[in-house]
Amino acid sequence: PRTIAMMTYLHLCTSLAVRNADLLLTDSRWAAQQIADHSDFDRHRTVVIPLAPTPDLQPITDAALLDAVRARYDLPPRFVLADALKNPAVLVRAWRALPVELRLSHRIVFFARRPDPLPIVGEAVAGGDARLIVRPSRADLIALYNLADLFVFPSWIEGFGIPVLEAMTCGAPLIASNRGAIPEVAGDAAILIDAEDDAALAHELTRLLRSADARQNLRERGFQRAAQFSWRTSAQQTLDAYERALGMSHAARAATAVRP
């Protein structure tokens, strides 16, 4: 009931805000299209302003720091990182289809902001295929991105996909779903698959875990892609949008004032 009440409240507030807005700012073209599809708001008054990586996201060259994080969580030498709340089942199914030598030499490391992810995560942990880290600190999460052989993000839907940008900025080779705004953010710097295609995911996991060159290629493309997102640019675009909205409001008031 609490969730239903909150969603109802947010829906009403959002509907009222959109109805009275001069401009609507959103963070992806996909989200802008969703707004157009599900409301009568003028698409030409929707402004797309992408997000950007925060300054703390970066490749870590301090081996002692990385070793400390590895020891703190008793991490395996090689692992695939994934969000335990973002469609973990497809990764677990794909993992079970990997060649035996890869399952023996690698593990999945799930992180989660809640201690109760879907039961499939617990099954993978109990079966020895995965570890679960609950609420890692920001610094530790950045280190996990740096330590991982791959970051797998098969999310069902994302309005932007901040973890995609985080992984690319830290140098984690990326496999992600092709849904929502993820392709728009990842560009050509990720392997994109359908969110429910465990066979395709197993194929790409096998290929990438066996090829350091393929992972390095993705890593370099990720750095290049992430560098295209800037908070300075986003801030300037937001300021420009505010000035445009202010001009529209002045024009509307002036038009009202001269009506007979």
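Modeller: Start with exposure. Buried means under 20% relative accessible area, exposed means over 50%, and partly exposed lies in between (1.4 Å probe, protein chains only). This is a predicted model, so local features need pLDDT of at least 70 and side-chain atom pairs count only at pLDDT 80 or more, while totals for chains, interfaces and linings use all residues. Residues are numbered from 1 along each chain as its sequence is written, and side-chain values use heavy atoms, with hydrogens and water left out.

Biologist: Take R138. What is its relative accessibility, and how does it count?

Modeller: R138 has 35% relative accessibility, so it counts as partly exposed.

Biologist: Which residue forms a salt bridge with R138?

Modeller: The general idea first. Side chains of opposite charge can pair when their charged atoms come close. The cut-off here is a side-chain nitrogen of Lys or Arg within 4 Å of a carboxyl oxygen of Asp or Glu. R138 pairs with E166, and their closest N and O atoms are 2.8 Å apart. The two lie 28 residues apart and link distant parts of the chain: R138 sits in helix 7 (138-147), and E166 in helix 8 (residues 162-170). Helices (H or I, at least four residues) and strands (E, at least two) are DSSP runs, numbered from the N terminus. E166 is buried, at 9% relative accessible area. Salt bridges with shared partners also join D56, R138 and E166 into one network.

Biologist: How many salt bridges does the whole structure hold?

Modeller: The search finds 14. One of them brings together the side chains of R78 and D149, at 2.7 Å from N to O. R78 is in the loop between helix 3 (63-72) and strand 3, and D149 is in the loop between helix 7 and strand 6, so this pair ties together parts that are 71 residues apart in sequence. R78 is partly exposed, with a relative accessible area of 29%. D149 counts as buried at 10%.

Biologist: Which residue forms a salt bridge with D129?

Modeller: R103 does, with the closest N and O atoms 2.7 Å apart. D129 lies in the loop between helix 6 and strand 5 (130-134), R103 lies in helix 5, and 26 residues separate them. D129 counts as buried at 13% relative accessibility. R103 counts as partly exposed at 27%.

Biologist: Now the strands. Which residues of strand 3 lie on each side?

Modeller: In a regular strand the side chains alternate between the two faces of the sheet. In strand 3 (79-83), F79, L81 and D83 lie on one side, with V80 and A82 on the other. Both faces are covered. In total, 5 of the 5 residues of strand 3 are buried.

Biologist: In which sense does strand 3 pair with strand 4?

Modeller: Two strands pair if DSSP finds at least two bridges between them. Strands 3 and 4 pair in the parallel sense, over 5 bridges. There, D83 stands opposite F111. Strand 3 also pairs with strand 6 in the parallel sense, over 3 bridges. A82 stands opposite V152 in that strand.

Biologist: Which residues of helix 4 are buried?

Modeller: An α-helix has 3.6 residues a turn, so residues three or four places apart point the same way. Helix 4 (residues 88-96) buries P88, V90, L91, V92, A94 and W95. Their cover, by contact (heavy atoms within 4.5 Å), includes strand 3, helix 5 (100-105), strand 4 (107-112), helix 6 (119-126), strand 6 (150-153) and helix 10 (198-209).
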